[in-house]
Amino acid sequence: DTSGGVTGRPGQAVHKHVSIRSVEFGGTFHPAEVVGADGALWMTGRHGNDPSTAPCAIERIDPARISPVAYGLSACGMNIVAGPGALYLETETGQPGTNNVLVGIESFSTSTEVSKILAPNLMTVVGSEIAHTQLAYADGWLWLYGHAADKDELLQISPSRGAVVRSIADVPAIGGTEPLIAAGPGGIWLAGGPGGPATAAFVLSSPTAGGVIRELPAVPGAITVEWLAPVARRMWVGGAAVSTGLHAAPFERIVSLNRSGAVTRKSPLENFGSAPIAVGRQRWTVGPGGTGSCRSQPIWRVNPTTLRTSLVTTLHTRSDPCLDGGYRTVAGVGGAVFVLDGAGGVSPAYLYRVKP
């Protein structure tokens, strides 16, 4: 069933119980990230071809009609996250004469559609280390992770004022290309992401509970933690089990951990993509997995009891999801999965809606 059709993108492999629609972004707006919040999909990006001067914007997209409405941003940002009634982004400001970058926080009200800089300077990182920072909204707080002044640091931030309420400097060296932060059983969970170690850690989220972080045992059978996803008082972990042959054969498993880091369930090695997202009562995951190809975006459904995945449909995308997909390119809202194709700079970009 392809009710509504596919705009401008023939050749999609479609499951009989799924409908797919797409919207092309072929003008001056270059989308970068998506997030679901307050019943809508929100997309950040730039207007213009010169990234050094092009102004940034955020677009609200109705999940039913897939119709965008654009709003200006006070500053360009990345690592967009959603909180109650607001979206938050990391901002960056270079310091003249140095290689240092000041990392700040920008908020955008989903009701008034107005953005403001909450705090322009919360953390100082060196050059490209801005790419390895992470922002999360978890358990009522904003959390900013980064490698600052030769140490890993985690800041707990007020989402209303942008003030730092706690700075935790004894963060384990979780490494990885994209650090992970998620609210889960026991507190806030941290992991290194692709390229990081097989361990995770958590910290109690209350500002009065102290700053001690407990490093958990290594995820069994994993050499790295690819993603974290809290599900039903457990933390699901995507663990990569081999370091070579990625995308040539199943190489990951889903492991369910309790607050002590003990394994409550795990899947065999299988195919699946990025961190699962909730669509109603279902869990979906998007990405190449062990399909042998980086020229498509398979979409999998995860059985919450067995943790086994099954292929639902495949999007044949323009960008290489293994290299150019970027981060925050998948979101669930309005009973559908939305996939952004082209966040790595491929133009025109497409936004797909996949709905059961």
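Predicted model: local features only at pLDDT ≥ 70, side-chain atom pairs only at ≥ 80, totals over all residues.
How many of the 8 residues of strand β11 are buried? In strand β11 (residues 141-148) 6 of the 8 residues are buried, so this strand is largely enclosed by the rest of the structure.

**The disulfide**

The structure holds 1 disulfide, which is formed by C56 and C76, with their sulfur atoms 2.0 Å apart. The link of C56 and C76 is right-handed, with 100 degrees about the S-S bond. This pair links distant parts of the chain, 20 residues apart, since C56 is in strand β4 (residues 56-61) whereas C76 is in the loop between β5 (68-72) and β6 (78-83). A disulfide is a covalent bond between the sulfur atoms of two cysteines. Because its relative accessible area is 11%, under the 20% that marks a buried residue, C56 counts as buried, while C76, with a relative accessible area of 26%, is partly exposed.

**Residues in loops**

Most residues other than glycine have a negative phi. E113, however, has a positive phi near 55 degrees, and its place is in the loop between β8 (100-109) and β9. R233 likewise has a positive phi, near 60 degrees, and lies in the loop between β18 (224-231) and β19 (234-240). A further loop residue is H132, whose place is between β9 (115-126) and β10 (134-138). H132 and G192 are 60 residues apart in sequence, and their C-alpha atoms are 9.7 Å apart in space.

| Residue | Relative accessible area | Class |
|---|---|---|
| E113 | 26% | E113 partly exposed |
| H132 | 35% | H132 partly exposed |
| R233 | 72% | R233 exposed |

Is R233 buried or exposed? With a relative accessible area of 72%, which is over the 50% cut-off, R233 is exposed, whereas H132, at 35%, counts as partly exposed.

Methods. Residues numbered from 1 in each chain as written. Heavy atoms only, no water. Helix = DSSP H or I, 4+ residues; strand = E, 2+ residues; numbered from the N terminus. Buried < 20%, exposed > 50% of the residue type's maximum accessible area, 1.4 Å probe, protein only. Disulfide = S-S within 2.5 Å.
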